[in-house]
Amino acid sequence: MCGINGIISKKSTDKVNIKRRLSKMNQLIFHRGPDEDGFYYDNSDNQTVAMAMRRLSIIDLSTGKQPMQSEDGNISIVFNGEIYNYKTIKEKLESQGTIFKTTSDTEVILKAYEKYGVSSFKELDGMFAFSIHDKKKNIAYITRDFFGEKPLYYTKTDTEFIWASELKSIISSLNHKPQISKEGLNLYFRLTYIPAPHTIYEGIQKLESNSFIEYDLNENDFQIHSIEPFSPIEKKEISFEDAKKEVYDSIMSSVESRSVADVSLGTFLSGGVDSSIVTYCLSEISDSKIETFSIGFEKKEYNETDKSQIVAKLVNSNHHEFVVKESDFKNGVDDILLNFDEPFADSSALPTYLVSKHASDYVKVALTGDGGDEVFGGYNKYYMGKLNNRYTTFVPQGIHNQILKLSNSILKTKDDNRGKRFKLNRLLKAINYDGSQYWNIISLAFTDDEKRNLLKETNLIYDTFKSSKKRINQQHPKSITDFRLVDKDISLEGDMLVKVDRASMLTSLECRAPFLNKSIWDLTNSLPEEYLLKGWNKKYILKEAFADKFAPNFLNKSKRGFGVPVGDWLRGSLNPELQSFIDPSFLKSQDIFNVDYITQLVKEHISGANDNSMRVWCYYIFQKWYLNTYSIL
């Protein structure tokens, strides 16, 4: 596990100068790889290719140093991530005469590329971002994994092409202040995060998941290709019992592959379905007691540590648990939130950081249940998508508009508890008659109408999601499979994986997600949808596959999720700072927001007249980023 950086210059560049820049880029991501660093420099044909990395040693502690080069010195690589099937690929290459000098997965990527070229990328099962310089072809390849677990940013200027694992490294290497991207701004205030290919900065992009950049050094230009081109999903005929066995075996196998490490590892255990199953699987394949970690909250509605305690007792783990108080965030909240480098308002990043920090005292790798909901159909929003189709069939749009007006007052809440009234109100707001309701459902902050009130006209983009609809079935998603595809490309890549990567790597802890395995994804996509969502029973086949490993009905117990009572905090310890963000003179000088609208929204929340937790938190995070990152560039 590492962080990588790179610069391609159209002109010959002094080695001392470019190493100084790369050293600065590296130092900014020291937390991603505190064990060692490395640099690569090639200056030929009046142009320069330079790469750097920081390493967190997990596999092959002694000989896995980077950058790594081929025998003839023509191919060089820097790599961030883990390849879980590297031993299988290595055995195949060895049977064909390839000789290895290390036991690292980095060398396996290098040798596989040397043998098969870019077609080797699709054979990699893992989380990764890597760059390869091929001097013979005079091409650089920059690659990101299937789900987008590892980050990769890039930008092209008049004279350079720059890439990095984190935005801060790219920003440090620019000689100008980038403008705020309207696309990024609008996406953020709808979603609470910014999915690939966008960022908050104009001219800086995220490489999308399952993609690689091919940079032609002869032409000084690049193209982006899919590692595995999307193909229509075909459902197969399979009995539920046979499918259930496949699910069990594939998850057990995935946990085993993701537990390969030369260092200690454990699990994040929330007590929900996904983390409980991962924990059970790891305990089954481990020769000794495993380490498990959970976190709770002072506010009773948010504290579910009793569920994790049940699982920890079942698997007989060394269980570590602690309860978060509002005061725990006072000292480090800025470091956590600003480490994302752009506005990111998923409040569960805060406890994710704290549980990572706690776990890093005991292990260097933690397995998580991330991706289980997307892969197996576990979100309430999948109900909402199906309900929308039925609702709009029987309820005329005019009547719905009247219902919506009533709901705004009847279902109004004052406390940040996100209970049934909150969920019903959110469902009614998401109802859509033009077929794009799922885009409303995943909009966690401001609806399209609310966004038009929030932002000044000059900052608005009306079709917020236009450039994020990657496939035709994402224009008007209708089925559970469609919803899950949207989530894979948008919510998973832009939110969940960003949160876990930045929060855990800030503590130099590596997180691995066994559910994010392409073979499991392909399996669940091929199954009948009713195997995933049967009536109101979410993740039906997953729970049935492991039901006999837990107490009766345990996997069917409701789970709140990793929520945080930020609405209360905004009225409490964060209130003075929030108040400063609605100062009229500041807002006018900023020239982004409609002053009256945002002022009323914040004051309503502070007074308790209305619970505007999600929208006010989203606004609060943007202003923290703006004042602490953007305004000082």
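Predicted model: local features only at pLDDT ≥ 70, side-chain atom pairs only at ≥ 80, totals over all residues.
Is Arg 502 buried or exposed, and what is its relative accessible area? Arg 502 is buried, with a relative accessible area of 3%; buried denotes under 20% relative accessible area, exposed over 50%, and partly exposed the range in between, computed with a 1.4 Å probe on protein chains only. Residues are numbered from 1 along each chain as its sequence is written, and side-chain values use heavy atoms, with hydrogens and water left out.

Figure 1. Side chains of opposite charge can pair when their charged atoms come close. A salt bridge is defined here as a side-chain nitrogen of Lys or Arg within 4 Å of a carboxyl oxygen of Asp or Glu, and the whole structure holds 34 of them. Asp 501 is buried, because its relative accessibility is 3%. A network of salt bridges links Arg 32, Lys 150, Glu 166, Lys 168, Asp 341, Asp 501 and Arg 502.

Figure 2. Helices (H or I, at least four residues) and strands (E, at least two) are DSSP runs, numbered from the N terminus. Lys 244 forms a salt bridge with Glu 241, and the closest N and O atoms are 3.4 Å apart.

**Figure 3. The ring pair of Phe 146 and Phe 147.** Rings of Phe, Tyr and Trp (its six-membered ring) pair if their centres lie within 6.5 Å; planes under 30 degrees apart count as stacked, over 60 as edge-to-face and the rest as tilted. The structure contains 46 aromatic pairs. In the pair shown, the ring centres of Phe 146 and Phe 147 are 4.9 Å apart and the planes stand at 90°, so the arrangement is edge-to-face. Phe 146 is buried at 17% relative accessibility, and Phe 147 is buried at 3%. Lys 518 lies over the face of Phe 146, 5.5 Å from the ring centre; the criterion is NZ of Lys or CZ of Arg within 6 Å of the ring centre and within 35 degrees of the ring normal.

**Figure 4. The ring pair of Tyr 280 and Phe 550.** The ring centres of Tyr 280 and Phe 550 are 5.9 Å apart with planes at 55°, so the pair is tilted. This pair links distant parts of the chain, 270 residues apart: Tyr 280 belongs to helix H7 (residues 273–285), and Phe 550 to the loop between helix H20 (540–546) and helix H21 (566–571). Both Tyr 280 and Phe 550 are buried.

**Figure 5. The surroundings of Leu 367.** Leu 367 lies in strand S16 (residues 365–367) and is buried at 0% relative accessibility. Leaving aside neighbours within four places in sequence, the residues in contact with Leu 367 (heavy atoms within 4.5 Å) include Val 255, Arg 258, Phe 268, Leu 282 and Pro 514.
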